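Subject: Structure for you, with notes

Hi,

Here is the structure I promised. Please open it alongside this email.

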Amino acid sequence: MGLRDDLERYREVGENRRQDLAEFIQYGDLGQSRQDSVQIPIKIVDLPEFAYDQRDMGGVGQGQGGQPEPGQPVGDPEPGDGDEDGDPGEEGADHEYYEMDPEEFAQELDEQLGLDLDPKGKTVVEETEGDFTDITRTGPSSTLDFERLFKQGLKRKLAMDFDRDYVREALKVDGWGPTSVFEWARDESIPVSKPWLDEAYEEIPRDERAEWDSIEEMEANVDRVDTAARIRREGVDQIPFRREDERYRYPEIVEEREKNVVVVNIRDVSGSMRKKKRELVERTFTPLDWYLQGKYDNAEFVYIAHDAEAWEVERDEFFGIRSGGGTRISSAYEVAAQRLEEGYPWSDWNRYVFAAGDSENSSNDTEERVIPMMEEIPANLHAYVETQPSGNAINATHAEEVERHFRGADDVAVTYVSSPADVVDAIYEILSTEEEDQ
């Protein structure tokens, strides 16, 4: 079987339930990902493998001898992943994972939310010599890993594509425009960007912009074609290849880093922060970490937990730790101010200070200590995320006090998250506040 036959088999990819990025952030298992690798689950039926000519002993692919076979996952499997040695678990038969690095995650999130956050200056150039590895991002074209490049492109197509003709019809609903369609598309889990809608709307003749009386009428009369069907119809020529997917069997020696960022994540771990509140903090903070890591060349993170006192923790502890003590939010800002002053001078580092909790705080602490410290700590952005699954408690006033004091400020954002459905809007509120300050 030749390469052309292998490519033809990709046209037979079965029905796929596209996992939209926003849906993954709200409801997906974030634990599948690492800080430097975002794993988006993609449901694929019978994803084919490349078959190599056994008579050809050359090339870079090798069996046994330490190199993976085609289709074999890179890296050691985690204990308990398979039912038996070499066998996939129950989930493995139904899902593949499309791996995004934080840079691509940031790009896709920008497109989905209609943002384009441009990192600020604070340029610091650093050259480092990397280790010799089998796979790297640069190298001679003769060493390009084409199989990996093709599969990454196909998985991106399945994960991020949408029916453009179907969305264009929504732009023809009487009284609608790009903004209305953007909101409708988010509800329908259609990953269309606002700039694309603006451009498509301008291309529609004015006499066709009221073709449908309502969105319900349009949906009843226009069939939506899924990605798998379009691949079968259009062929593999439409598979998107991107430069960042290229991997070569040649080491990258010198890396230049130009922009530094430190992200301080603060979390209330007092007795009132029960499981659902902690989960909402993780679901909001984790994508923000990925996003900023993707936007900046050199990103470092500081994690601070607090009840009535504050202390620095490792990331692995941050989202699970819980105390039985009271709450004094200013204690965390005291630790943050010291860490930033000692290790991350404002002249060299972009700074983000994100705090989250249920808005409960000790008497007068917000007004007398927290707000003055937020004003004193230089940062690109301060944000507070209130997590109250059951609605506001009587004494949960911290977010309201901060919002009232900084109303109209372009470097402070306050958001309210009561369920996973609020997470994307909260992230948009935070990032759009920073965007306005560019």
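Some ground rules come before the findings. This is a predicted model, where local features need pLDDT of at least 70, side-chain atom pairs count only at pLDDT 80 or more, and totals for chains, interfaces and linings use all residues. Residues are numbered from 1 along each chain as its sequence is written, and side-chain values use heavy atoms, with hydrogens and water left out.

Confidence
The mean pLDDT (the predictor's confidence in each residue, from 0 to 100) is 76 for the protein. Of its residues, 64% reach 70 or more. Helix H13 (residues 365-376) has the highest confidence, at 97. Helix H1 (residues 3-9) has the lowest, at a mean of 45. Residues 1-19 stay under 50 throughout. For that stretch the model has 57 contacts (heavy atoms within 4.5 Å) beyond four places in sequence. Residues 59-64 are also below 50. That stretch has 5 contacts beyond near neighbours in sequence.

Overall make-up
The protein has 15 helices and 9 strands. These are DSSP runs numbered from the N terminus: helices are H or I with at least four residues, strands are E with at least two. Among contacts with a separation of 6 or more, 82% join residues 24 or more positions apart.

The second largest cavity
Rolling a probe the size of a water molecule over the atoms shows where empty space is left. A cavity is a set of points, on a 1 Å grid over the protein atoms alone, where a 1.4 Å probe fits but cannot get out; lining residues have an atom within 4 Å of a point. The whole structure holds 2 cavities of 30 Å³ or more. A volume is the space filled by probe spheres set on the points, which are joined across faces, edges and corners.

Strand E7 (350-357) gives the most, with 3 residues. Strand E4 (254-268) supplies at least two.

A buried asparagine
Strand E4 also holds Asn-260. Is Asn-260 buried or exposed? Asn-260 counts as buried because its relative accessibility is 5%. Its side chain makes a polar contact with the side chain of Asn-298, at 3.0 Å. A polar contact is a pair of N or O atoms within 3.5 Å; within protein, one must be able to donate a hydrogen and the other to accept it, and residues adjacent in sequence count only if both atoms are side-chain atoms.

Best wishes

Methods
1 Å grid on protein atoms, 1.4 Å probe; cavity = no way out; pocket = protein on both sides within 12 Å on 5 of 7 lines; lining within 4 Å. Buried < 20%, exposed > 50% of the residue type's maximum accessible area, 1.4 Å probe, protein only.
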